[in-house]
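This briefing is meant to be read alongside the sequence and the structure. Please keep both in view while going through the points.

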Amino acid sequence: MELTRLRGFRDLIGADARAMSLVEERARALVERYSMKEIRIPVLERTQLYQRSTGETSDIVEKQMYTFTDRDEGETVVALRPEGTPGVVRAYIEAGLDRTEPEQRLFYSGAMFRRERPQKGRYRQFFQFGVEIFGRPDAACDAEILIMIDELCRDLKVPFTVEINSIGCQKCRPNFRGALVQWGRAHWEELCDDCHNRIDRNPLRLLDCKIDAKLTESAPKSLDYLCDECRTHFDTVKELLSAGKVQFVVNPRMVRGLDYYTRTAFEVMAGGLGAQSTVVAGGRYDGLVETMGGAAVAGIGFAIGVDRMALAIQAAGMAPSAAPDAAIIAMGPAATRHAIVVARNLREANLNVEMLSPQRKMKTLLARAAKIGARVAVIIGDDEVARGVVQIRDLKQSTQREVAVAEAARAIADARGE
Ligand code: ATP
Ligand code: MG
């Protein structure tokens, strides 16, 4: 076959797709309990948007974007979105919300594109479910965001750890950055080539290096450089997290590599994923709205890596079953007409029902019912039609009983309930 899919792009069929949808459904139910409103933003934006917000020196902008020149008059340079935050911030400013109604609680969901080396949990098209809150500079908001994530991981029954840090603000970060540059120069020989570039362009990213992870254990910690306001903010976040019963670990070397990030940064790691274990990442970005031409409004947000979270629930054995409650077997044309009605009634009673192809032999059909994992087979022949009954065969226990059509839904629900 020549027309194969592209490297790093996935087809998800059946259980793998279902696991992704489950993460998205649970996340949606969660954010609705937190009074959040949905935002839908374009997949294609000006490349400049990401250069301005994600940052020229970020891995994303430097090497991961799918970007091309549109054939319009202005030959606009556009990019497939590599992350959601820039588009959300642009939309927020473009709608004038930063001035009219600055306090906003928004969520989005959809595909992101990054041209990176594909591996397990790392794809070129992947899905994020994200949250952005504007106009809330207070520590209670940071805490609530983390409580929200804690709630989701518990709901999905994924083993997880929460790591938090504070990377300071415009005022105190220059000192930390200076210390990192100094440390980087002192360890020049030991650092990888990427880190040699990072030292001048984006020294915070030294701490994010996957190659030099061991070496960075001796690097300066952001917490040692916080100003009084940032320290108080961080202490309050920790106190509120404890009050909210969130277990967390302070990781003083966790950074977000972009300039607009301020104060609280966090990552959530799930078990059973190997190298790509970060399933949620986020932080505060109090400078971003202003940097992008809006008012000086605080912001904080996170994104769930839906693909990785789906792998985590599958690894934890939490993958939901899509097996039907009942497979319907109709023998002959009259029975088929009857079966259509029975199937409809059962579905209206909220049961998952699959009607099997009527042309086959009973033995083949029972084998098919077992193969799709149906709990029971509902068997209908001419005799059953005449008497207004169905045969319900429990496929696990190999027992069979006759019930009135009106009782069928209850009998199936009972068999399922065991
Ligand atoms: P990493 O360090 O793993 O590259 P990142 O810092 O680039 O992650 P963010 O931009 O913070 O990640 O995105 C938030 C989350 O989105 C990540 O924690 C991860 O779960 C998910 N994610 C990011 N890139 C990918 C990808 N290429 N494939 C699958 N999921 C991804
Ligand atoms: Mg990345």
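The model is predicted. Ligand 1 is surrounded by 14 residues, and the protein buries 87% of the 590 Å² that the ligand exposes when taken alone. Elsewhere, five strands make up an open sheet of mixed pairing.

**Ligand 1: contacts**

- The closest of the surrounding residues are Arg114, Glu116, Arg122, Lys210 and Thr278.
- The side chain of Arg114 has an N or O atom 2.8 Å from an oxygen atom of ligand 1.
- The side chain of Glu116 places an N or O atom 2.6 Å from a nitrogen atom of the ligand.
- Thr278 takes part through its backbone, where an N or O atom lies 2.8 Å from an oxygen atom of ligand 1.

**Ligand 1: make-up of the shell**

- Strand E6 (125–134) and strand E10 (278–284) are the elements that each supply two or more residues to the shell.
- E10 gives the largest share, with three residues.
- By residue class, the shell holds six charged, four polar and four nonpolar residues.

**The open sheet**

- The strand order across the sheet is E13-E12-E14-E15-E16.
- Strand E13 (353–355) and strand E16 (399–404) are the edge strands, and each of them pairs on one side only.
- On average, neighbouring strands in this sheet are turned by 25° against each other, with direction ignored.
- Strand E12 (residues 326–330) and strand E14 (residues 376–380) run parallel and are joined by five bridges.
- Within this part of the sheet, Ala327 stands opposite Ala377 of E14.

- Strand E4 (residues 77–80) pairs with strand E2 (residues 44–46) in the antiparallel sense over three bridges.
- In this pairing, Glu45 stands opposite Ala79 in E4.
- Strand E3 (residues 67–69) also runs antiparallel to E4, and three bridges join the two.
- Here Phe68 has Val78 of E4 as its bridge partner.

Conventions: Residues numbered from 1 in each chain as written. Chains lettered and ligands numbered in written order. Predicted model: local features only at pLDDT ≥ 70, side-chain atom pairs only at ≥ 80, totals over all residues. Heavy atoms only, no water. Near = heavy atom within 4 Å. Polar contact = N/O pair within 3.5 Å; in protein donor to acceptor, adjacent residues only side chain to side chain. Areas by Shrake-Rupley, 256 points an atom, 1.4 Å probe, with all protein chains shown as cover. Helix = DSSP H or I, 4+ residues; strand = E, 2+ residues; numbered from the N terminus. Nonpolar A, V, L, I, M, F, W, Y, C, P; charged D, E, K, R; others polar. Pairing = 2+ DSSP bridges. Axes fitted to C-alpha atoms, helices over the stretch in contact; angles between N-to-C directions.
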